Amino acid sequence: MASVNNCLKLIFTIFNVFFAIVGAVIVGFALLFQVFTRTNGGENLEGRFAILISLYIVGAITMVIAILGAYGAHRENQGCLIVFLVCMVIGSLMMLRAGVSTIYARPEGELEKSFRQLLPLDKAQENVQVMANRLQIELHCCGLFSYSDWEDNVPDSCLCDPERQRDECQSVTYMDMLLQRKSVYVKTCFPIIVSYFTLLCSVLMGVLFTLAALALLGMALSSTIIHQMRYPGRSTMLMTVPAIFTLPPPKYQELYNAPGC
């Protein structure tokens, strides 16, 4: 069996354990997103199925690659380590490309176009109304762009208490036979949704670049192990610390001139 530095094997094993935990976190986040959207009436959201499938696939592949790398290092199997190295190269390129695309993405226009297609809210599908009501209760807002998104059927989730929430309320009149006046939230929901979406994009960008950095680290570690397995007699530059010994300078001696004869 080829000789591999034990310290390097330990570092590589710890790296793969952490990498597997990252994959498990991605799968857990996908499961949480699936449950949250289902309980809040978002089963028919555009792109929900594609997002869930992507998260499950990325999380599962990450855990499989981590297990493959740990097994290859433990058994000193070059085939497993080469497959791991190739996956790290492909993964780092994909993560960098996705991260750069996220930097230059500006989804506000597309979001506004999609949300305006849901208006008026009082005539939208039931699941859309359920989600809108939940957002209005949680975010203290009314309507996507205005309270008039509900036309004359403003729901109770828009109502606020003007005595306790004076700065957050405005008085509106319903154009019906009784000309009712009620207090609703001044803020609209769409700007708040955009701010949260922008924050999510920033977090996603950080995650992508972190995964790319981990992939590069995995490339370096696996390449070093493969090098040690192929050339067991050679020292590896990454794991070798050159020792330089220098002799101290000679001590100075005081010279005396011999007295003249």
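This report looks at the disulfides and the nonpolar cores of a predicted model.

**The disulfides**

Let's start with the cysteines. Searching the whole structure turns up three disulfides, and here they are side by side.

| Pair | S to S distance |
|---|---|
| C141 and C189 | 2.0 Å |
| C142 and C158 | 2.2 Å |
| C160 and C169 | 2.0 Å |

If you number the bonded cysteines of the protein chain in sequence order, they pair up as 1-6, 2-3, 4-5.

Take the bond between C141 and C189 to begin with. The link is right-handed, with 90° about the S-S bond. The two partners come from distant parts of the chain, 48 residues apart: C141 sits in the loop between α5 (126-139) and β1 (169-173), while C189 belongs to helix α6 (residues 189-230). Both C141 and C189 are buried.

Next up is the bond between C142 and C158. This link is right-handed too, with 95° about the S-S bond.

C160 has a relative accessible area of 11%, and since buried means under 20%, it counts as buried. C169 comes in at 13%, so by that same cut-off of 20% it is buried as well.

What is the relative accessible area of C80, which is buried? The value for C80 is 13%. C87, on the other hand, has 26% relative accessibility; that lies between the 20% and 50% cut-offs, so C87 is partly exposed.

**The nonpolar cores**

Now for the packing. The largest nonpolar core has 26 residues, and F12, F15, F19, L81, F84, M88 and I225 have the most contacts inside it. Helices α1 (6-39), α2 (48-75), α3 (78-104) and α6 each put in at least two residues. Which helix gives the most to this core? That would be α6, with 10 residues.

Setting aside neighbours within four places in sequence, F19 is in contact with T62, A66, M88 and L214. Of these partners, M88 is also among the core residues with the most contacts.

There is a second, separate core of 24 residues, including F115, W150, Y185 and C189. C189 brings us back to the disulfides, as the bonded partner of C141.

Key
Residues numbered from 1 in each chain as written. Predicted model: local features only at pLDDT ≥ 70, side-chain atom pairs only at ≥ 80, totals over all residues. Heavy atoms only, no water. Disulfide = S-S within 2.5 Å. Helix = DSSP H or I, 4+ residues; strand = E, 2+ residues; numbered from the N terminus. Buried < 20%, exposed > 50% of the residue type's maximum accessible area, 1.4 Å probe, protein only. Core = buried A, V, L, I, M, F, W, Y, C linked by side-chain atoms within 4.5 Å. Contact = heavy atoms within 4.5 Å.
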